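Keep the picture in view as you read, and try to find each element as it comes up.

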Amino acid sequence: MNDFLNQVFLDNPVRDYLILIGVLLFVSFVKRYVSKGMATILFRLVRHWSPQIEERDFINLLLRPLEYFLLLVTFMLTIDRFTFPTVLNVHVYNKATLKDITDTLLSLAFSMSIIWIMLRLIDFIALVLEKKADLTEDKTDNQFIVFFRDFFKAIVFIMGAIAFIRILFGPSLVEKIIAGLGIGAAALALAAKESIENLIGSFIIFFDKPFRVGDSVKVDSWQGTVEKIGLRSTRIRTLEKTFVTVPNKKMVDSILDNLSLRTQQRVAMRIEIGSETPADKLLKVLDDIRNLLKSNSNILPGFTVNLHDFTKDTYVVQVIFNTYIIDGTQYASLRENVNLAIIRLLAGNDVKLPTTSTNVTFGNLEI
């Protein structure tokens, strides 16, 4: 038996191969329990940050990354005692050998597992902050958390890309890239001008707060409800229920009307009355409309009702008033009630709206 275990295969004894296989099988069976135990211990350390977070949510975030990390580290520590077979250590590309390539792949896998864990930790911190933000009425905090979650994830991805370049091409290339960035910074900034402006615009939106998620806004020809504020753009659900993406630079530079912040709504009406209406009836209609508006508790004092203009066919009556009603449905109901009341007033005073008639003459006959 010892002779078999000591037998050398590919520059390594069979015993080492069996140990490697046994260790990997053992870790494969216990990795879930060990990872869950590590996640549980870590959760107890951070539980006081947010009591609303359930242990199951935290474990689900970290379980898979920890499992792969544990299995990978075990494999790397066990394989370290092996001697790379000389017969397999052939030149693959340029001066790189197969051993160099396998070492590089292991380093890349290890870096990816670290990045994966960091991304899940960012998700957990964001989850903690979202639970706290849900306790407040202001929904801007929730979008603020999503924004910075994506921002820090982007930073982790950039750091990961730099680590990959260092592993693949060595530290000298990273230094050359950094030096090249110093030389070509102006060209890079010019090429990324729009993206940088949009990123700066997103910070301005979050700190200056001209609008928030859930606000009804109007920018240029678009009007709708803000659903998301991202790193580059803002998403708006329009009145037609389309989904418009507006660059943050445009949201900052354009004249933006935040309809949700208005304290009153203004109603301007134009009523045309037939020119055959006597002056006393016209005056009576104006007084009745004023009394109507004055008796309505939803209409603010300071309204305007006057004979604004007249033509050869019509008298133009102008009605302007403000209301505290902001909700669209209640506002439409108020306008409908006022319009119906005015129609009743006109009918009660026997005042008619102008009609369009056409006279056609055939010889001496007029139709």
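Helix H11, made of residues 328-348, lies across strands E10 and E12. Its direction runs at about 25° to that of E10. Keep in mind that this is a predicted model.

- Strands E10, E12 and E11 form an open sheet of 3 strands, in the order E10-E12-E11, and their pairing is antiparallel.
- Which strands sit at the edges? They are E10 (265-274) and E11 (304-310), each of which pairs on one side only.
- On average, neighbouring strands here are turned by 25° against each other, ignoring direction.
- Helix H10 (residues 279-295) also packs on the sheet, where it touches E10, E11 and E12. The direction of H10 makes about 150° with that of E11.
- If you look at E11 and E12 (residues 314-323), you will find 6 bridges joining them in the antiparallel sense.
- Val305 gives you a place to start, as this residue stands opposite Val319 in E12.
- As background, strands of a sheet pair through backbone hydrogen bonds, either parallel or antiparallel.

**The nonpolar cores**

- The largest nonpolar core has 21 residues. Those touching the most other members are Ile273, Ile289, Leu293, Val319, Phe321 and Val338.
- Which elements give two or more residues to this core? They are E10, H10, E12 and H11.
- Take Ile289 as an example: leaving aside neighbours within four places in sequence, Ile289 is in contact with Ile271, Val305, Val319, Ile342 and Leu345.
- Another core, of 13 residues, lies apart from the largest one, and its members include Phe206, Phe211, Val219 and Val246.
- In soluble globular proteins, nonpolar side chains tend to be buried together.

- Strand E5 (residues 216-219) pairs with strand E6 (residues 222-229) in the antiparallel sense, over 4 bridges.
- Ser216 has Thr225, in E6, as its bridge partner.
- The hairpin of E5 and E6 has 2 residues between the strands, and Asp220 takes a positive phi near 55° there.
- E6 also runs antiparallel to strand E7 (residues 233-238), with 5 bridges joining the two.
- How many residues lie between E6 and E7 in their hairpin? There are 3 residues between them.

Definitions and conventions: Residues are numbered from 1 along each chain as its sequence is written. This is a predicted model: local features need pLDDT of at least 70, side-chain atom pairs count only at pLDDT 80 or more; totals for chains, interfaces and linings use all residues. Side-chain values use heavy atoms; hydrogens and water are left out. Two strands pair if DSSP finds at least two bridges between them. Axes are lines fitted to C-alpha atoms, for helices over the stretch in contact, and angles run from 0 to 180 degrees between N-to-C directions. Contact means heavy atoms within 4.5 Å. A nonpolar core is a set of buried Ala, Val, Leu, Ile, Met, Phe, Trp, Tyr and Cys residues joined through side-chain atoms within 4.5 Å. Buried means under 20% relative accessible area, exposed over 50%, partly exposed in between (1.4 Å probe, protein chains only).
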